[in-house]
Amino acid sequence: MGLALFASCGGEEKTDGMLEIAVIPKGTTNEYWKALHAGAEAAAQDLGVKILWKGPIKEDDREGQQRVVEDFVSRGVDGMVIVPLDRQALVPPVKEAGARNIPVVVADSDLDWDGKVSYVATDNRRGGELAAAALAELLGGKGKVVMLRHMEGSASTSAREEGFLKKIAESAGIEVISSNQYAGSQFSDAQQSAENLLNSFPKIDGIFCPSEPCVYGMLRALQDSGRLDQVKFVGFDASEKLVPALRKGEIDALVLQNPVRMGELAVRACVDAIRGNPVEKQIDTGVTVVLTADIDKPEVQSLLKPDLSILGQ
Ligand code: BDR
């Protein structure tokens, strides 16, 4: 991973001494973003800068997120951290930020633009591969599997989905009977998609869902259909709803990211770029598989239940 030196650009230190860093999540509904916000806020307080946190309510609101970026560019923020909800739709407004010398760090989910200061994220392909290895192990290497995708355009989850399919194909005894359905970015959409999938396939042995809303929608559909004990279920992300299901064995494994670390390192990278310090072009924030049996291991507690106290929560 090459180091990229960035001359001080865009944000000079403000007269009040506080740099303004816009931090723009994909959405503000899913719990995952609270953890990223907490990490961003921790870095801001440590560095003596101010973050401006704003995102669309729903993770499929492309126009909404475009407007948020445009507004921050017009405001003339000193730096920007964005989690693009669509890897292409967000390129035009973010390119404009770059054109105005506002350093942009992309976090969590990639953007098809080579002007970013840094990309701070999970190795999502590896996360998908880990999910496939866990599910194959849980199934004893055989069975019928479905994967319910998250949302078209989402780089992070698409990489998980491709990593999963590539790895699961190594298990000759496992047949993927469905992998082309999308849950949608909100839990309610995901539950409906999951119900449709379960109705289409009466015989399913294993399920993979690549994101918090997708997992929760599938969990509810499995609970309502009474099929929880018929499947091995591997998901992604932690939340107050998913972790109890993991403990009960309703979910058999969760692939966990570190959104607190992601938010923290993204803000640090942005401020480093503004201040002319060296910045890594790509920063991997780690990925961990937690099985039901692992749930009380000390090393995974902060991933299962991120500390949100800095947000007053
Ligand atoms: C999900 O969207 C992804 O980009 C995040 O990594 C998380 O898995 C939250 O809805």
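Into which domains is the protein chain divided? Domain 1 covers 3-121 + 258-283, and domain 2 covers 124-256. These bounds come from an automatic or database domain assignment.

This is a predicted model, in which local features need pLDDT of at least 70, side-chain atom pairs count only at pLDDT 80 or more, and totals for chains, interfaces and linings use all residues. Residues are numbered from 1 along each chain as its sequence is written, and side-chain values use heavy atoms, with hydrogens and water left out.

**Domain interface**

The centres of domain 1 and domain 2, taken over C-alpha atoms, are 30 Å apart. In contact (heavy atoms within 4.5 Å) are 16 residues of domain 1 and 17 residues of domain 2. About 1300 Å² is buried between the two domains, with 40% from carbon and sulfur atoms. Buried area is the accessible area (1.4 Å probe) that two parts lose on being put together, summed over both. On the domain 1 side, Asn30, Glu31 and Glu59 lose the most area to domain 2, together 35% of what that side buries.

Polar contacts link 12 residue pairs across the domains, both residues at pLDDT 80 or more. A polar contact is a pair of N or O atoms within 3.5 Å; within protein, one must be able to donate a hydrogen and the other to accept it, and residues adjacent in sequence count only if both atoms are side-chain atoms.

**Ligand site**

Residues around the ligand (a heavy atom within 4 Å) include Lys26, Asn30, Glu59, Arg160, Asp237 and Gln257. The table gives distances from a side-chain N or O atom to a ligand oxygen atom.

| Residue | Distance |
|---|---|
| Arg160 | 2.7 Å |
| Asp237 | 2.5 Å |
| Gln257 | 2.9 Å |

Taken alone, the ligand exposes 280 Å², and the protein buries 100% of that. Accessible areas come from the Shrake-Rupley method with a 1.4 Å probe.
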